[in-house]
Amino acid sequence: MDALMANYASDSDSDGGEPAAVPAGAPEVPEPSALLPPPPPELLQPPNFVDYSAMAQGSRVRSFPHVEGNYALHVYIPVVIPSDAKKQLAFAMKRAASLVPDLYAVDADYALSELCKDEHKLEKVLLSREFHVSLGRPVAVQVHQIDSFIAMLRQKFQSQQRYWMDFNKWEHFVNDECTRSFLSLEVTRTGLPEISKQILMVDEVYRLHGLPEFYKNPRPHISLVWALGDISGKLKQAIKDIEKYQSSMSSLQKCNVRCEFSRVVCKVGKKVHDICEVAD
């Protein structure tokens, strides 16, 4: 690979000054236009490379400006969709994509309409990924606050037990800046009291570090797809369509994604810190 890159090297060191004198008899240096062009991207990719980025069209906006020395921080419960729920979610995603074309997979940012054309891609890229239930607002934290923040969180969460979370209601959300809308599954019954207590624990640590607390009336949820701007009307209509279909099915097939709580993590920048992990 290094040899391949070397063969396609180009002269990028010119500072735009006067050309140097060429000694008599020296070989002629080719003009820049005579140099070989950059190698095709496919030659630099490993065998069996699958490029899903061709489906990525989203353009997200930061919730807060980047400041040197600050790191994005997010406290959440990791959630993985159980296998027995993926089929009903796949149908819901297809219905949503047909009604709202400009939807994208959360975090992966691949166009949902493209993923829905292939069951394997839909499951692999969207439904098999790790989702999250936020326990605190995503915020910017200063580097000197990180260690104490993580230590306090671990102390707060050292005595946690397993519990069930039922994601039983389709809902839409819009971020504070109204730059993005989300199609989500909300916890309204089983698991809500436990998650609410954990949010209060995180709020206390936020408060001690001068960070904004969570919403007064938290609505725990996982977001599956997103769109630019505030498209509440379109998402409401999509939810009605999905619920109409589900109401025609037996109670066993209605949307109720049940997951078990087992851990809390805190992501700071690109590093993920384990806050608690409940043993089996």
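**Group meeting: sheets and helices in a predicted model**

Let me begin with the open sheet, in which five strands follow the order β2-β7-β6-β5-β8 with antiparallel pairing. The strands β2 (104-105) and β8 (257-261) stand at its edges with a single partner strand each, so one side of each has no neighbour in the sheet. What I am showing is a predicted model, in which local features need pLDDT of at least 70 and side-chain atom pairs count only at pLDDT 80 or more, while totals for chains, interfaces and linings use all residues. Residues are numbered from 1 along each chain as its sequence is written, and side-chain values use heavy atoms, with hydrogens and water left out.

A word on terms: helices (H or I, at least four residues) and strands (E, at least two) are DSSP runs numbered from the N terminus, and two strands pair if DSSP finds at least two bridges between them.

Within this sheet, strand β6 (residues 180-187) pairs with strand β7 (residues 221-228) in the antiparallel sense over seven bridges, and L185 stands opposite I222 in β7. Helix α7 (residues 232-247) packs on the sheet, where α7 touches β5 (163-174) and β6, contact meaning heavy atoms within 4.5 Å. The direction of α7 makes about 135 degrees with that of β5, and such angles run from 0 to 180 degrees between N-to-C directions, with axes being lines fitted to C-alpha atoms, for helices over the stretch in contact.

Let me move to another set of strands. Strand β9 (residues 263-268) pairs in the antiparallel sense with strand β1 (residues 70-80) over four bridges, and V75 has C266 in β9 as its bridge partner. Strand β10 (residues 271-277) also pairs with β9 in the antiparallel sense, over six bridges, and in the hairpin of β9 and β10, which has two residues between the strands, G269 takes a positive phi near 65 degrees.

How do helices α2 and α4 pack? Helix α2 (residues 86-99) and helix α4 (residues 119-127) pack at an angle of about 100 degrees, with their axes 11 Å apart. The two helices are therefore roughly perpendicular to each other, a term that covers angles of 65 to 115 degrees. Among the residues that meet there are L89 and M93 in α2, and L122 and L126 in α4.

Finally, L200 lies in helix α6 (residues 192-208). Is L200 buried or exposed? L200 is exposed, with a relative accessible area of 57%, whereas the buried residues of α6 include I199 and M201; buried means under 20% relative accessible area, exposed over 50%, and partly exposed in between (1.4 Å probe, protein chains only).

Conventions. Parallel < 35°, antiparallel > 145°, perpendicular 65-115°, else oblique.
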